[in-house]
Structure formats: C-alpha cells, structure tokens
Amino acid sequence: MPVPEPVVDVPAGDTKKGAKLFKAKCAQCHTIEKGGNVKQGPPLFGLIGRQSGTCDGFAYSEANKNSGIIWSGKHLYEYLLNPKKYIPGTKMVFAGIKKEKERADLIAYMAEMS
C-alpha cells in the first residue's frame with residue numbers, strides 16, 4: 001500500500017543549480033541519464049512516479065523494497081534531508097542535504113530528468 005506524501009511545501013528549484021548539485025553529491029553513486037548504469041546506487045532516470053525499490057538490476061534493501069513509497073517531489077524533499085531516518089534500514093550511505101534550497105534545486109533537476 002502506498003505511503004501518503006508528507007505534508008510539506010517543496011520550494012521552486014533551479015534545475016541548473018540542481019544539475020551541479022547532482023554532479024557534486026549524487027553522481028559518484030548514481031546515474032540520471034536514460035539508460036544509465038547501476039553504480040553503487042540505482043539509476044535515477046524516471047525516479048519521479050516510480051515505486052521505491054523497483055529499479056531492475058539493483059539489489060535494494062528490504063526496507064527500501066517494502067517502504068511503500070512512490071517517489072514524488074514531496075517524498076524526495078523529506079528523504080534527502082535524512083535518508084536513513086526516512087527509510088530506516090536503507091543501504092544509502094548519505095548524510096543528507098540540510099539546506100532547503102539545495103534539496104529543491106536537486107528535486108527540480110531530477111524531475112526534469114524524469
């Protein structure tokens with residue numbers, strides 16, 4: 001059963017700044033282009049609207065597979081703040097992004113790439 005979206009307002013983001021943030025904070029472990037490879041993390045192309053833990057070729061944690069999250073800007077906004085708190089048991093080893101604007105910029109870029 002899908003988890004309801006969190007009640008948050010995601011600020012408008014800047015896709016160009018988001019692209020730079022993706023390269024700096026995400027590209028070491030993830031690809032975002034269509035047909036991108038699995039790296040340490042799953043490819044993120046088409047993430048918005050996708051059920052968590054369902055990208056072919058990546059060995060997700062049980063926590064991620066069973067989270068019930070359908071990725072949206074609101075879910076990502078909260079997840080990116082503290083991934084291990086949002087999905088306890090996730091394998092993602094990333095401390096999170098505390099700055100609201102940076103999260104909004106990254107989500108705008110990811111949405112554009114979906």
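Leaving aside neighbours within four places in sequence, His 75 is in contact (heavy atoms within 4.5 Å) with Val 3, Pro 4, Glu 5, Pro 6, Ile 69, Ile 70 and Tyr 86. This is a predicted model, in which local features need pLDDT of at least 70 and side-chain atom pairs count only at pLDDT 80 or more, while totals for chains, interfaces and linings use all residues. Residues are numbered from 1 along each chain as its sequence is written, and side-chain values use heavy atoms, with hydrogens and water left out.

His 75 lies in helix H3, which covers residues 73–79; helices here are DSSP runs of H or I with at least four residues, strands are runs of E with at least two, and both are numbered from the N terminus. With a relative accessibility of 0%, His 75 counts as buried, where buried means under 20% relative accessible area, exposed means over 50%, and partly exposed lies in between, computed with a 1.4 Å probe on protein chains only.

Tyr 109, for its part, is found in helix H5 and is also buried, its relative accessible area being 12%. When residues up to four places away in sequence are not counted, Tyr 109 touches Thr 15, Gly 18, Ala 19, Phe 22 and Ile 32. The C-alpha atom of Tyr 109 is separated by 11 Å from that of Ala 12, although these two residues are 97 residues apart along the chain.

**Salt bridges within helices**

A salt bridge is taken as a side-chain nitrogen of Lys or Arg within 4 Å of a carboxyl oxygen of Asp or Glu, and by this rule the count comes to two. Both are set out in the table.

| Salt bridge | N to O distance |
|---|---|
| Lys 65 and Glu 62 | 2.9 Å |
| Lys 101 and Asp 105 | 2.9 Å |

Lys 65 and Glu 62 both belong to helix H2 (residues 62–65), where they stand three residues apart, about one turn of the helix. Lys 65 is partly exposed, at a relative accessible area of 39%, and Glu 62 likewise counts as partly exposed, at 48% relative accessibility.

Lys 101 and Asp 105 both lie in helix H5, which spans residues 100–112, and are four residues apart, again about one turn of the helix. Lys 101 is partly exposed, with 43% relative accessible area, whereas Asp 105, at 3% relative accessibility, counts as buried.
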